[in-house]
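Q: Here is a structure to work through. Let us set each label against its cut-off.

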Amino acid sequence: MTRQELIEQIRSKKSFLCVGLDTDLDKIPAHLLQSEDPVFEFNKAIIDATKDLCIAYKPNIAFYEALGPNGWKSLKKTIDYIPSHCFTIADAKRGDIGNTSVYYAKTFFEYLDCDAVTVAPYMGEDSVTPFQKFPGKWVVLLALTSNKGALDFQFMTDVSGEELYKKVLKKSSKWGSDENLMYVVGATRAEGIAEVRKLVPNHFFLVPGVGAQGGSLEDVASYGWNADCGLLVNASRSIIYASSGSDFAEKAREEAQNLQKQMEIILKEKQFV
């Protein structure tokens with residue numbers, strides 16, 4: 001999916017919602033466990049309930065890898081089932097060099113045919129650029145995360161007082177363009193979103209942390225907005241686990257619709273739709 005196609009989806013659906021498919025066998029409704037592929041049946045129902053409200057889906061690969069071969073089968077079926085008008089992000093957080101990165105890229109861009117994959121930048125340019133050699137595909141680079149451990153390294157300063165995450169942004173923005181490179185920016189660090197936006201004004205941000213993690217959608221839009229919206233706001237648990245009963249898909253839709261309505265208000269206030 002191209003940047004322009006992504007923007008058109010935002011305008012068409014009046015939404016910049018990404019639904020995270022962090023599908024956990026211990027949390028899905030018990031009645032699904034009797035089916036041949038409980039993970040896929042759960043994902044299928046969530047997708048059917050939300051596909052008109054969101055513009056992207058983000059399967060967290062760890063939840064599927066932990067199930068071995070069956071997990072990969074469920075993941076493949078899920079990716080194949082997602083409608084082509086929805087952006088697909090493999091939340092894999094890969095990051096290695098040489099042929100290793102090439103084969104990671106082949107996994108997510110050729111075998112699974114995702115639009116994007118999350119990548120950790122710690123090993124530098126040659127761990128990221130192999131992913132960018134696939135036409136029409138995106139790298140979503142970890143930039144500023146909202147977990148407690150982010151304080152361990154991301155805010156370390158050099159002799160000039162510049163934080164490490166800012167150096168990563170400045171350097172990495174030269175590896176690609178706003179047509180094939182996005183950044184992960186945590187919603188619970190609202191003031192940090194503004195700092196990131198100053199450094200990469202035109203790139204899209206994937207913003208986790210709205211919903212169960214308590215991030216403010218209004219703050220995200222206030223600090224992270226650009227002329228093309230520039231935001232994919234992810235919600236996972238608050239949507240997919242809104243209910244543990246037989247009405248899980250209906251409740252998931254209600255939660256997704258609530259966020260979409262808030263996003264529509266923001267988009268109209270920004271005169272984007």
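A: Helices are DSSP runs of H or I with at least four residues, and strands are E runs of at least two. The model is predicted. On that count the protein has 11 helices and eight strands.

Q: How do you know whether the radius of gyration agrees with that of a compact globule?
A: The rule is 2.2 Å times the number of residues to the power 0.38. For 273 residues a compact globule would come near 19 Å, and the protein has 18 Å, so the value agrees. Along the principal axes, the C-alpha atoms fill a box of roughly 60 × 45 × 35 Å.

Q: What share of the residues counts as buried?
A: Buried means under 20% relative accessible area. Of the 273 residues, 53% count as buried. The protein exposes about 12100 Å², with 49% of that supplied by carbon and sulfur atoms.

Q: What part of the contacts joins residues 24 or more positions apart?
A: A contact needs heavy atoms within 4.5 Å. Among contacts with a separation of 6 or more, 73% join residues 24 or more positions apart.

Q: How many side chains count as positive and how many as negative?
A: Lys and Arg count as positive, Asp and Glu as negative. That gives 31 positive and 36 negative side chains. The centres of the two sets lie 3 Å apart.

Q: Why is Ser-15 called buried?
A: Its relative accessibility is 0%. The cut-off is under 20%, so Ser-15 counts as buried. Ser-15 sits in the loop between helix H1 (3-13) and strand E1 (17-21). Beyond four places in sequence, its contacts include Leu-53, Cys-54, Ile-55, Gln-260, Met-263 and Leu-267.

Q: What makes Asp-113 partly exposed?
A: Asp-113 has a relative accessible area of 47%, so the label is partly exposed. This residue is in the loop between helix H5 (98-111) and E4. Asp-113 also has a positive phi of about 60 degrees, although it is not a glycine.

Q: Why is Cys-229 called buried?
A: Its relative accessible area is 0%, and buried means under 20%. Cys-229 lies in the loop between H9 and E8. Its phi is positive too, about 75 degrees, although Cys-229 is not a glycine.

Q: How do you know that Trp-138 is buried?
A: Trp-138 has a relative accessible area of 0%, and therefore is buried. The residue lies in strand E5. Its side chain reaches the backbone oxygen of Met-1 at 2.8 Å, within the 3.5 Å limit for a polar contact.

Q: Why does Ala-92 count as buried?
A: The relative accessible area of Ala-92 is 10%, so it is buried. Ala-92 lies in strand E3 (residues 87-94). Its C-alpha is 6.4 Å from that of Val-117, 25 residues apart along the chain. Ala-92 is in contact with Val-117, and with Ile-61, Phe-108 and Thr-118.

Q: Which residues of helix H8 (residues 190-199) are buried, and what covers them?
A: The buried residues are Ala-190, Gly-192, Ile-193, Ala-194, Val-196 and Arg-197. Their cover includes strand E5 (138-144), helix H7 (164-172), strand E6 (181-185), strand E7 (205-207), helix H9 (217-224) and strand E8 (231-235).

Definitions and conventions: Residues are numbered from 1 along each chain as its sequence is written. This is a predicted model: local features need pLDDT of at least 70, side-chain atom pairs count only at pLDDT 80 or more; totals for chains, interfaces and linings use all residues. Side-chain values use heavy atoms; hydrogens and water are left out. Buried means under 20% relative accessible area, exposed over 50%, partly exposed in between (1.4 Å probe, protein chains only). Accessible areas come from the Shrake-Rupley method with a 1.4 Å probe; for residues, only the protein chains shown count as cover. The place of a charge is taken as NZ of Lys, CZ of Arg, CG of Asp or CD of Glu. A polar contact is a pair of N or O atoms within 3.5 Å; within protein, one must be able to donate a hydrogen and the other to accept it, and residues adjacent in sequence count only if both atoms are side-chain atoms.
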